[in-house]
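Student: How should I read this model? Please take me through it feature by feature.

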Amino acid sequence: MLRLSGGAPPDPDDRYGPFPQPPLGAGHLSAEYDPRPSAVREARAEVRRQLEGWGLAERGDVAEVTELLVSELATNALLHAASRFRLTLSAAHGVLRCEVADAGRRVPQVLDAGASESGRGMFLVDALAQRWGCHQDALGKTVWFELGTCGSDGCGQRQP
């Protein structure tokens, strides 16, 4: 059962108790952007506002990493799909999940960062996210990543 904080006091037997949660009713954000360069900046700003509203902006470097990775995925959507894209952000049980969906069919690849001035987006996602992936459907693809938000040892670290 998925429960967000707020309302009743936490159950001491709840195994998710130590993980900060967004307020009740605020655990999800979805916004759509037109394919223009300012959309990347707008998506970053929306992410920052949402994380501040959820009280997650002060949790280590969660906000900075989230903004960076959202910026990379949004830029990829603009460059490679040239379509509108949808940003979805959700937080529950110590995990922040970000998704960027676009009309493109090309699956992202992690490239060696090297000395090139481009092609580092998925390298950064792979290096900084706890987990990430991509799934395709009839409308295009969705690239997602997850970060830990709990601040305890091992939270937010890559899972084997």
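Tutor: Start with contact, which means heavy atoms within 4.5 Å. Helices (H or I, at least four residues) and strands (E, at least two) are DSSP runs, numbered from the N terminus. This is a predicted model, in which local features need pLDDT of at least 70 and side-chain atom pairs count only at pLDDT 80 or more, while totals for chains, interfaces and linings use all residues. Residues are numbered from 1 along each chain as its sequence is written, and side-chain values use heavy atoms, with hydrogens and water left out.

Student: Take the sheet. What is the order of its strands?

Tutor: Strands of a sheet pair through backbone hydrogen bonds, either parallel or antiparallel. Here two strands pair if DSSP finds at least two bridges between them. In this model five strands form an open sheet in the order β1-β2-β3-β5-β4, and the pairing is antiparallel. β1 (28-33) and β4 (131-137) are the edge strands; each has a single partner, so one side of each lacks a neighbour in the sheet. From one strand to the next, the twist averages 15°. For such angles, axes are lines fitted to C-alpha atoms, for helices over the stretch in contact, and the values run from 0 to 180 degrees between N-to-C directions.

Student: Which strands pair with β5, and over how many bridges?

Tutor: β3 (residues 95-102) and β5 (residues 140-148) are antiparallel over eight bridges. Within that pairing, E99 stands opposite W144, and R97 stands opposite E146. On the other flank, seven bridges join β5 to antiparallel β4. There, W132 stands opposite F145. A hairpin of two residues connects β4 to β5.

Student: Now the helices. Where does α1 lie?

Tutor: α1 (residues 38-54) lies across β1, β2 (85-92) and β3. It runs at about 15° to β2.

Student: Which residues of α3 are buried?

Tutor: First the general idea. An α-helix has 3.6 residues a turn, so residues three or four places apart point the same way. In α3, the buried residues are G121, M122 and V125. Down the axis of α3 they fall within an arc of 90° (taken from the directions from the helix axis to the C-beta atoms), so they line one face of the helix. Their cover includes α2, β4 and β5.

Student: Which residues have the most contacts in the largest nonpolar core?

Tutor: In soluble globular proteins, nonpolar side chains tend to be buried together. A nonpolar core here is a set of buried Ala, Val, Leu, Ile, Met, Phe, Trp, Tyr and Cys residues joined through side-chain atoms within 4.5 Å. The largest one has 33 residues, and L51, F85, L89, L96 and F145 make the most contacts inside it. At least two residues come from each of β1, α1, α2, β2, β3, α3 (121-128) and β5. α2 gives the most, nine residues.

Student: What does L89 touch?

Tutor: Leaving out residues up to four places away in sequence, its contacts include V47, L51, W54, T66, L96 and C98. T66 sits in helix α2 and is buried at 0% relative accessible area. With that exclusion again, T66 touches V47, L51, L89, L96, C98, F145 and L147.

Student: How many salt bridges are there?

Tutor: Side chains of opposite charge can pair when their charged atoms come close. A salt bridge is counted when a side-chain nitrogen of Lys or Arg is within 4 Å of a carboxyl oxygen of Asp or Glu. The structure holds twelve. Take E32 and R84, with closest N and O atoms 2.6 Å apart. E32 is in β1 and R84 in the loop between α2 (62-81) and β2, so the pair ties together parts 52 residues apart in sequence. Both are partly exposed: E32 at 37%, R84 at 39%.

Student: Are K141 and D102 buried or exposed?

Tutor: They form a salt bridge, with closest N and O atoms 2.8 Å apart. K141 is buried at 6%, and D102 is buried at 9%. Elsewhere, salt bridges with shared partners join E32, D34, R36, E42, R84 and R86 into one network.

Student: What does E99 pair with in a salt bridge?

Tutor: R97, at 2.8 Å from N to O. E99 is partly exposed, at 22% relative accessibility.

Key:
Buried means under 20% relative accessible area, exposed over 50%, partly exposed in between (1.4 Å probe, protein chains only).
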